[in-house]
Amino acid sequence: MAQPSKNRRRVNRQIAHQHAGVLGGKVTKLVEVIAVVEKVLAAVRTGPSKTEIREFPMPDIPDDAALMKMEVAGICGTDVKLYKTPPSSAPVIMGHENIGTIAKAGREFTRRKGFREGDLVFVEHYVACGKCEWCHLGQYRHCENTDWRYNPDAIRYGYTSAERAPHLWGGFAQYVYLPWNAVLHHVPNGVTAELAGLVTPMANGVEWSLFDGGVGYNSTVLIQGPGQQGLSQTVICKQAGASLIIVTGTPKDGARLEVAKRLGADHVIDVEKEDPLARIMEITGHKGVDVVLDCTAGAGTVPVLLGVEALKRKAGTIVVQGEMADFPNFPIGRITVKFITIKSARSHSFKACELALAQLASKRFPLELITTHRFGLKDVDLAIRSVGGQGVKDVIHASLMPWE
Ligand SMILES: [Zn+2]
Ligand SMILES: [Zn+2]
C-alpha cells in the first residue's frame with residue numbers, strides 16, 4: 001500500500017548475481033538477472049464512502065488475455081449508489097465505464113478477438129461466459145457469469161473484489177486485466193478517449209429509447225431527469241427522428257436543462273416551478289406522449305406516476321429503472337386501462353454500444369457540453385460525490401483519468 005507518487009509506476013530493479021556453476025573446475029560464469037517488478041496504482045473502495053490508493057502487482061498476461069492501460073473511466077449514478085452503499089464488504093476497484101489502450105495482448109487474444117497492442121477500446125463491464133444461451137443470443141448482459149446479484153463468483157468490471165487475482169477488475173486504476181471473455185469495441189478514429197467515455201450513457205440511450213421504447217420517426221417522448229443519462233437519451237431520440245422531446249428536471253438542474261435544449265429538447269420543465277402533467281398535456285394538445293423514459297435518481301415513485309399519466313390514451317410505453325424496492329399503491333388499474341407497456345432498463349447490448357460509438361464519431365451534437373469535468377485517481381471520492389450532487393458543482397459527466 002502506498003500513497004500516489006509522482007513516479008506513477010515504481011520499478012524495482014533487483015539485480016541478482018548468480019554463480020552459474022563451475023565447469024571443469026576452471027570457469028565460473030557470472031549471470032546477471034534483472035527482474036522488473038512493476039506496480040499498478042488503483043483507487044480501492046474499502047467501505048461505504050471510503051477510498052484508499054493501493055498498489056497491485058503487474059499481472060502476467062497469458063496468451064489468451066490482454067492488459068489495458070486506462071485512459072478514461074466514466075462515472076455515473078450507479079457509482080454514486082455503489083459507493084454510498086456497497087453491495088459487499090470486499091475491497092473493490094470501482095469503474096465500470098472504461099476506455100483504454102491495449103498495452104499488451106497475448107497472441108491468442110489477438111487471433112481470436114482481433115484486437116492488438118495500441119488499439120483504443122471500450123470494454124464493457126460484463127464479462128460473458130461465451131457458452132450459455134444468453135451469450136449465444138448476444139444478450140450476455142443477462143449471462144450468469146457476470147450477474148453479481150445472483151452468482152458470488154461473477155466477474156463484472158467495477159464490481160468484482162480486488163482480492164481476486166489478478167486483481168485489476170475496475171477502471172479506477174492505471175491498468176485493467178482483460179481475460180479472453182472480456183467484451184471489447186474499437187473506438188472509431190477521431191473519437192477522443194474522453195468523448196468515448198460517454199459511450200455507456202449513449203449506449204443506454206440507444207437500448208432504452210430505441211430498442212425498448214420503440215422511439216423512432218415522429219415519436220413523442222418524455223425524458224425525466226437531465227443528467228448524463230437523460231441528456232444521452234435526448235441525443236439518441238433526436239437523431240432517431242422524434243418530433244417532440246420534453247425533458248424534466250428540478251431547480252438544481254438549471255444548467256443541465258439548458259444543455260438539454262442545446263442537444264435537441266423541444267421543451268424543458270422544472271417540475272417544482274410548474275405542474276409537469278398540466279404542462280405536458282398543454283404541449284401535446286392533451287394527447288400525451290408515446291414513450292416515457294425514467295432517468296431520474298432518488299425521486300421515488302413520483303416519476304413513474306407522472307409517466308403513467310403523461311402517456312397517450314392507449315398503448316404507450318414507459319421504461320423504468322426500478323430504483324426502489326417497493327411501490328406502495330402501484331397504479332395497476334391505470335396501467336391496464338391505458339394498455340401501457342412497462343419495460344425494465346437493463347443497460348445495453350453489443351449493438352447498442354456499436355451504434356453509440358458511431359453516434360460519437362458522427363460529431364452531429366455538441367457532446368462536449370456533457371463531458372464537463374475531469375478528475376485524477378486521488379480524487380475518486382470527490383469525483384463520485386460530485387456526480388451525486390455534492391462536492392464540485394454543475395458536474396454532468398465526470399471523466400476519471402487514472403494517470404492524472
Ligand atoms: Zn454506469
Ligand atoms: Zn453466458
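Is Thr-234 buried or exposed, and at what relative accessibility? Thr-234 counts as buried, at 0% relative accessibility, where buried means under 20% relative accessible area, exposed over 50% and partly exposed in between (1.4 Å probe, protein chains only).

The legends below describe a predicted model, in which local features need pLDDT of at least 70, side-chain atom pairs count only at pLDDT 80 or more, and totals for chains, interfaces and linings use all residues. Residues are numbered from 1 along each chain as its sequence is written, chains are lettered from A and ligands numbered from 1 in the order in which they are written, and side-chain values use heavy atoms, with hydrogens and water left out.

View 1. Thr-234 is found in helix H6 (residues 228-240); helices (H or I, at least four residues) and strands (E, at least two) are DSSP runs, numbered from the N terminus. Not counting residues up to four places away in sequence, Thr-234 touches Ile-223, Ile-245, Val-247, Ala-260, Leu-263, Gly-264 and Ala-265. Contact here means heavy atoms within 4.5 Å.

**View 2. The zinc ion (ligand 1) and its donors.** Cys-76 (SG), His-96 (NE2) and Glu-97 (OE) coordinate the zinc ion at 2.0 to 2.2 Å. Donors are N, O and S atoms within 2.8 Å of the metal (3.2 Å for Na, K and Ca); water is not among the atoms, so sites may look incomplete. The sequence spacing of the donor residues is C-x19-H-E. Cys-76 lies in the loop between strand E4 (66-75) and H1, and His-96 in the loop between H1 and strand E5 (97-105), so the pair ties together parts that are 20 residues apart in sequence. Both Cys-76 and His-96 are buried.

**View 3. Thr-200 in helix H5.** Thr-200 lies in helix H5 (residues 199-212) and is buried, with a relative accessible area of 6%. Leaving aside neighbours within four places in sequence, Thr-200 is in contact with Glu-97, Phe-122 and His-348. Glu-97 is also one of the residues that coordinate the zinc ion.

**View 4. Packing of helix H5 against helix H11.** The axes of H5 and H11 (residues 350-362) come within 8 Å and cross at roughly 115°. Axes are lines fitted to C-alpha atoms, for helices over the stretch in contact, and angles run from 0 to 180 degrees between N-to-C directions. H5 passes H11 in a right-handed crossing; a crossing is left-handed if the near helix is turned anticlockwise from the far one by less than a right angle, and right-handed if clockwise. On the H5 side the contact is made by Val-199, Met-202, Ala-203, Val-206, Glu-207 and Phe-211. The residues of H11 that take part include Lys-351, Cys-353, Leu-357 and Gln-359. By class, the contact has 11 nonpolar, one polar and two charged residues. Ala, Val, Leu, Ile, Met, Phe, Trp, Tyr, Cys and Pro count as nonpolar, Asp, Glu, Lys and Arg as charged, and the others, Gly among them, as polar.

**View 5. Packing of helix H1 against helix H12.** H1 (residues 77-84) and H12 (residues 380-387) pack at an angle of about 115°, with their axes 8 Å apart. The crossing of H1 past H12 is left-handed. Gly-77, Asp-79, Val-80 and Tyr-83 of H1 meet Asp-381, Ile-384 and Val-387 of H12. These residues divide into four nonpolar, one polar and two charged.

**View 6. The aromatic pair of Tyr-175 and Trp-403.** Rings of Phe, Tyr and Trp (its six-membered ring) pair if their centres lie within 6.5 Å; planes under 30 degrees apart count as stacked, over 60 as edge-to-face and the rest as tilted. By this rule there are six aromatic pairs. Tyr-175 and Trp-403 form an edge-to-face pair, 5.6 Å centre to centre with 90° between the planes. Tyr-175 is in strand E7 (residues 175-178) and Trp-403 in the segment after strand E16 (398-401), 228 residues apart. Tyr-175 is buried at a relative accessible area of 5%, and Trp-403 counts as buried at 16% relative accessibility. Ring pairs also link Tyr-157, Trp-169 and Tyr-177 into a cluster.

**View 7. Backbone features in three loops.** A cis peptide bond, with omega about 0°, joins Ala-165 and Pro-166; Pro-166 is in the loop between helix H3 (133-136) and E7. Ala-315 has a positive phi near 65° and counts as partly exposed, at 40% relative accessibility. Phe-339, which is not a glycine, has a positive phi of about 55° and is exposed, with a relative accessible area of 59%.
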